[in-house]
Each structure stands twice: as structure tokens, then as C-alpha cells.
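These are my notebook entries on one structure.

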Amino acid sequence: MRTFRFAAPAFLFSTAALTMIATVAAASFPDVPATYPHRNAIEQLVNRGVITGHPDGNFRPYDPVDRASVLKMLYKAANISADGGKAGCLKDVPADAWYAPFVCDAVARGYVKGYDDGTYKPGRPVSHAEALKLTIAIIGIPSAD
């Protein structure tokens, strides 16, 4: 399975769907040079509050994005409030985890189901197919079927 990284084509599709705003001054990340091809998309998403850097001030554009983080980004991009009252919806989603409101709300809305063993695997890198499926479901892009 190919893992999803920020600069991957699947997320660029998502980024295009998410970044329909004008660019304003954005925070700079020391590991995202001005020549980085996706810098403008990163800046737009930072300005909208959809993504943030890491606590050390870096962005790490080549690191894989996990399944929990992509849900949070898409919820923020779509301006959807995650209902935290559904925590504990899957075996590996503890009620006190930062991602619990997003995962459990996504389960309740039918955006995700989890695996057959009752888990979500929130730390697993998201695949291109998963990223596209979630973008279509959450952002509301109509599917072909």
C-alpha cells in the first residue's frame, strides 16, 4: 500500500478542493523553502486554520499523514464541528484522545466505518485512496455513482 504524504497527488487534489481563498501572509516553516512547489497551498491551509506545523516549528512536508490527522484537516476545511459526545466509538479510539471527536463523529456520519476488527488505526498512514474517499465524503464532492 502506498502511504500518503502531504505532497502526494491525492492530497493535492484535496488541497485544491480546500484552498479556494486568497493567500495572505502566512507563518513560515524553516523546512518549507520558498521554492517548495506546494508552499502556497500549505500557506493557504495554515491561514485557514486547517493545518499547523509541529511544536518544533517545522512542517515536515515529506512525512506521512496519518488517518486521524487527515480527518481533522478535512473537518476543519469543511468547517464541520466534530461532536465529542460520541467518543469511544472504536476499540482503538480512547475517549481522551485528541482525535476521538473527529473519528467518532466521522463514524456517526458514515464517513468512515473502521476495520472489521472494530479498530480505526488512527496512527496508520492514510493511503491515496482513503484520502480521496474522505475528501469526497466530507467536502461534498459528488461521486460518479
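Entry 1, pockets. I began with the lining of the second largest pocket, whose residues divide into five nonpolar, one polar and four charged. For these classes I count Ala, Val, Leu, Ile, Met, Phe, Trp, Tyr, Cys and Pro as nonpolar, Asp, Glu, Lys and Arg as charged, and the others, Gly among them, as polar. The residues that line this second largest pocket are Arg67, Tyr111, Val112, Lys113, Gly114, Tyr115, Tyr120, Glu130, Lys133 and Leu134. H5 gives the most to this lining, with three residues. The space in the second largest pocket is about 160 Å³.

I then turned to the largest pocket, for which I noted a volume of about 510 Å³. Of its 20 lining residues, Thr52, His54, Val65, Ser69 and Met73 are the closest to its centre. By class, this lining has 10 nonpolar, five polar and five charged residues.

For both I used a 1 Å grid over the protein atoms alone: a pocket is an open set of points where a 1.4 Å probe fits, with protein on both sides within 12 Å along at least five of seven lines, and lining residues have an atom within 4 Å of a point. Points are joined across faces, edges and corners, and the volume is the space filled by probe spheres set on them.

The model is predicted: local features need pLDDT of at least 70 and side-chain atom pairs pLDDT 80 or more, while totals for chains, interfaces and linings use all residues. Residues are numbered from 1 along each chain as its sequence is written, and side-chain values use heavy atoms, with hydrogens and water left out.

I recorded five helices and zero strands, taken as DSSP runs numbered from the N terminus (helices H or I, at least four residues; strands E, at least two). Of the 145 residues, 40% count as buried; buried means under 20% relative accessible area, exposed over 50%, and partly exposed in between (1.4 Å probe, protein chains only). Of the contacts (heavy atoms within 4.5 Å) with a separation of 6 or more, 65% join residues 24 or more positions apart.

Which residues touch the most other members of the largest nonpolar core? Among its 34 residues, they are Ile42, Ile51, Leu71, Tyr75, Val93 and Ile138. Two or more residues each come from helices H2 (39-47), H3 (67-77), H4 (100-109) and H5 (128-140), and H3 has the largest share, seven residues. I take such a core as buried Ala, Val, Leu, Ile, Met, Phe, Trp, Tyr and Cys residues joined through side-chain atoms within 4.5 Å. Beyond its neighbours within four places in sequence, leucine 71 is in contact with Phe102, Val103, Ala106, Val112, Tyr120, Leu134 and Ile138.

Arginine 60, in the loop between H2 and H3, has a positive phi of about 60° although it is not a glycine. Arginine 60 is partly exposed at 33% relative accessible area. Asparagine 79, in the loop between H3 and H4, also has a positive phi of about 60° without being a glycine. Asparagine 79 is exposed, at 71%.

Is tyrosine 99 buried or exposed? Tyrosine 99 lies in the loop between H3 and H4 and counts as buried, at 15% relative accessibility. The C-alpha atoms of tyrosine 99 and alanine 68 are separated by 5.9 Å, although the two are 31 residues apart along the chain. Leaving aside neighbours within four places in sequence, I listed Ala68, Asp92, Val93, Pro94 and Pro122 as the contacts of tyrosine 99.
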